[in-house]
Amino acid sequence: MQRLEQHLCFGGNQEVWQHDSNELGNPARFAIYLPPQAETDPVPVLYWLSGLTCTEQNFITKAGAQRYAAERGIALVAPDTSPRGENVPNDPGYDLGQGAGFYVNATQAPWATHYRMHDYVVHELPALIEAHFPVTTARSISGHSMGGHGALTLALRNPGRYRSVSAFSPIVAPSQVPWGRKAFTAYLGTDQAAWAAYDAVALIRDAKERLPLLIDQGEADEFFDTQLKPELLAAACQTANHPLTLRQHPGYDHSYYFIGSFIGEHIAHHASALHLGNP
């Protein structure tokens with residue numbers, strides 16, 4: 001691994017690293033914030049998944065999350081949103097290809113070789129973090145927009161892997177909205193049964209773990225009606241009797257101004273779960 005950045009921040013260290021990823025078949029970057037508590041004892045980890053067009057930089061520079069992580073004694077890990085590099089397939093659109101991995105394991109050419117973000121985030125990245133940094137095996141997950149979709153689906157697909165899950169403005173039903181249909185057709189093919197394996201609304205029906213979902217959604221979000229459709233998840237959770245806290249906020253949009261307004265509450269939510277019991 002190669003450390004690319006290191007900054008003192010609220011008594012802890014904000015770092016950015018690059019490593020060779022087996023899953024992605026290319027060098028990959030991730031950001032990690034280690035709170036001051038990590039200097040003396042291992043700390044639990046909150047994984048953050050960012051949205052379309054983002055890298056590992058957006059969350060660490062815009063959300064203001066380090067202050068709350070330092071107070072609560074948890075590490076923050078933010079991977080990039082897709083594989084990148086000259087040999088990695090791409091698309092002219094912002095919503096497909098590099099910057100738009102959708103946290104799936106692609107099965108279709110030319111994407112299948114590199115676009116394995118599900119296994120990278122669930123398996124390879126935590127193994128690396130837990131081997132090289134002062135952290136425990138207690139994990140939680142959160143994200144925004146496409147990353148909110150990722151957080152929900154990774155938690156639902158991998159019971160017992162995470163202690164808590166939350167999302168800001170998530171794409172809850174990608175099989176039913178333009179962003180998801182475009183990406184899933186490219187990455188997974190035309191068989192919509194394959195899409196359901198990465199669709200939170202579909203996964204809720206047979207969820208083997210009743211991990212409570214915490215979701216914040218701005219009502220002035222420009223994508224509310226066309227791409228996000230939180231009412232679909234609310235209906236699915238009600239039908240399946242799955243615990244959901246869906247908070248809709250008048251006036252807030254899709255930006256990091258919204259995330260920054262409520263990130264402290266999300267970190268408190270995760271910290272309560274992460275610090276319970278032994279790692």
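Predicted model: local features only at pLDDT ≥ 70, side-chain atom pairs only at ≥ 80, totals over all residues.

Reply: K182 sits in helix α5 and D95 in the loop between β5 and α3, and the pair links distant parts of the chain, 87 residues apart.

Me: And is D95 buried or exposed?

Reply: D95 counts as buried, at 10% relative accessibility, whereas K182 is partly exposed, with a relative accessible area of 34%.

Me: How many salt bridges does the structure hold?

Reply: There are eight salt bridges in the structure. One of them joins R3 and E15, whose side chains meet at 3.5 Å, N to O. Since R3 belongs to strand β1 (residues 2-9) and E15 to strand β2 (residues 12-21), the pair ties together parts that are twelve residues apart in sequence. R3 is partly exposed, at a relative accessible area of 41%, while E15 counts as buried at 5%.

Me: What about R116, which residue does it form a salt bridge with?

Reply: R116 forms a salt bridge with E23, and their closest N and O atoms are 2.8 Å apart. R116 lies in the loop between β5 and α3 and E23 in the loop between β2 and β3, so this pair ties together parts that are 93 residues apart in sequence. R116 is partly exposed at 25% relative accessible area, and E23 is also partly exposed, at 22%. Salt bridges that share partners join E23, R116 and D119 into one network.

Me: Back to α5 then, which of its residues are buried?

Reply: In helix α5, residues 178-188, the buried ones are W179, G180, A183, F184, A186, Y187 and L188. Seen down the helix axis, they fall within an arc of 165°, so they line one face of α5.

Me: Why would residues three or four places apart point the same way?

Reply: An α-helix has 3.6 residues a turn, so residues with that spacing point the same way.

Me: What do the buried residues of α5 pack against?

Reply: They pack against α4 (146-157), α6 (192-196) and α8 (224-228). Just after α5, G189 takes a positive phi of about 95°.

Me: Changing topic, where does α10 bend?

Reply: Helix α10, which covers residues 256-274, bends by about 50° at F262.

How values were computed. Residues numbered from 1 in each chain as written. Heavy atoms only, no water. Buried < 20%, exposed > 50% of the residue type's maximum accessible area, 1.4 Å probe, protein only. Helix = DSSP H or I, 4+ residues; strand = E, 2+ residues; numbered from the N terminus. Arc of directions from axis to C-beta. Contact = heavy atoms within 4.5 Å. Bend = angle between axes of the 7 residues up to and from the residue. Salt bridge = Lys/Arg side-chain N within 4 Å of Asp/Glu carboxyl O.
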